[in-house]
Structure formats: C-alpha cells, structure tokens
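This report covers the pockets and the nonpolar cores of one protein model.

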Amino acid sequence: LEVELMINEVIDLIFSECNQYICVSKKDNSICFFSKKQYNNHYCFSADDLKEAVKYIIYNTYIMFGGILYLQIKGIPMGGNSSSPIADLTISKKEFNYMKQLLKDKKFNLAKLLSNNCRYVDDLITINYLYFHNLIERIYPESLKMERAGDNNKNVQYLDLNIVIGDNGIDIKLYNKTDDFNFKVVSLTFLHSNIPEEVGYNV
C-alpha cells in the first residue's frame, strides 16, 4: 500500500495542466514525451491510467515454485522491467518528503549534509555524516531493511567499488564481493544444463 501511495504522489507531481498525457510511440517505444492531447500513433496514458497500470503490477505478481503458483503480497516485484523504476521512485519520494520537512523545520545544516548522499536503487552511500543510521527509520519505510556493509568508516565497499580514504586522498578500486566468499564461485555456467540459454550467456 505504501509503495502505491508513493508512486501515486510522484505521478501527481509530474502530471500537470500542460502534461496531461504521457505518449509512447507505437513504432519506437524509446520515443516518449508529455502532451496536452492524445496521438493516434502513440500509446497515451493519463495520470489515472498510469496509476492503474502501476497498481496492477504491484498487486498481480505471481511466482511458480515447485509446481505451485504463489501471489506476492509484500514488497516490490523483482525481476520485471518496471521493478527498478518502481523501487527507485518509491524511495526517492520518501527522501524528498524528508528533505522537504527538514527545510520546513529550518534544519538547513542537516539538509546540506544529506545532500551529499548517493543512492543506486536501494544501495546507499553516506558521505561525511556518521549518524545517518539514526535517521533511517524517519526516512525510509519499515519494510526496507538497511544493513551496513562493514564497520570501517574509511574503507567501504559500494556496488562494484572499494573506496578508501587515506592520508593522500581517496583511492577507488574495483571490488567483486564474491572474492570475500569462503567457497569457490562458478562464474561461467554449464550451458547444457536446464537453465535458459540467455541466463548462461548472461544476455
């Protein structure tokens, strides 16, 4: 329910009197624009159409496991084309609401510190603020569990990077988390098994 509410708020923000429809070309779906009117050669969505489409995705995710069909009732559907945008927009709206409240409460210093944060979907890195863990419950939904990676404030792994703050500045190297596993990881799968071919080739 919270995901749906956040997405609806985002949709309400981007649609306006000038942006009444979002139009996607039927010939090339990479061509997309806002418009006051509908076009015959485009798929045109109003704010209500878009809300209904997102609602359908959230509440109609089915998973087949062991021959049994399950309906997902908690969290954002994973693996779909819209999964990352839905997650990203939901979290962005929560962050936006919190920052807006900080400005309303005139907590400008904290707002400035938090503006240095970076996030890729649900992977977050906080720069120059050691007490961010105290704010997590105020910013993010309860269903989003934040876990700290490591306990060294000057040597962290973020996505595929190892970031080290030293006496001579910041040193950034590539990082592969499988290097830390205590077992061997087979990165090249056996293509003649039962897995789909595109999974084996990672395409």
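How much space lies in the second largest pocket? About 800 Å³ lies there in this predicted model. Of the 26 residues lining the second largest pocket, V3, G75, I76, P77 and A87 are the closest to its centre. Helix 1 (2-14), helix 2 (47-59) and helix 3 each give two or more residues to this lining, and helix 3 gives the most, with five residues.

The largest pocket holds about 1300 Å³ of space. Nearest its centre, among the 33 lining residues, lie L124, I125, T126, R148 and A149. Strand 7 (123-125), strand 8 (155-158) and strand 9 (161-166) each supply at least two residues of the lining of the largest pocket; the largest share, four residues, comes from strand 8.

The two linings divide by residue class as follows.

The nonpolar cores come next. The largest one is made up of twelve residues: I91, Y98, L102, L110, A111, L114, Y129, F132, L135, I136, I139 and Y140. At least two residues of this core come from each of helix 3 (83-104), helix 4 (108-114) and helix 5 (136-139). Another core, of nine residues, lies apart from it and includes V3, I7, F15 and I58.

Within the largest core, I91 has contacts beyond its neighbours within four places in sequence: R119, V121, D122, Y140 and L144. Y140 is itself one of the residues of the largest core. V3, from the nine-residue core, is also among the residues closest to the centre of the second largest pocket.

Terms used. Residues are numbered from 1 along each chain as its sequence is written. This is a predicted model: local features need pLDDT of at least 70, side-chain atom pairs count only at pLDDT 80 or more; totals for chains, interfaces and linings use all residues. Side-chain values use heavy atoms; hydrogens and water are left out. A nonpolar core is a set of buried Ala, Val, Leu, Ile, Met, Phe, Trp, Tyr and Cys residues joined through side-chain atoms within 4.5 Å. Buried means under 20% relative accessible area, exposed over 50%, partly exposed in between (1.4 Å probe, protein chains only). Contact means heavy atoms within 4.5 Å. On a 1 Å grid over the protein atoms alone, a cavity is a set of points where a 1.4 Å probe fits but cannot get out, and a pocket is an open set with protein on both sides within 12 Å along at least five of seven lines; lining residues have an atom within 4 Å of a point. Grid points are joined across faces, edges and corners, and a volume is the space filled by probe spheres set on the points.
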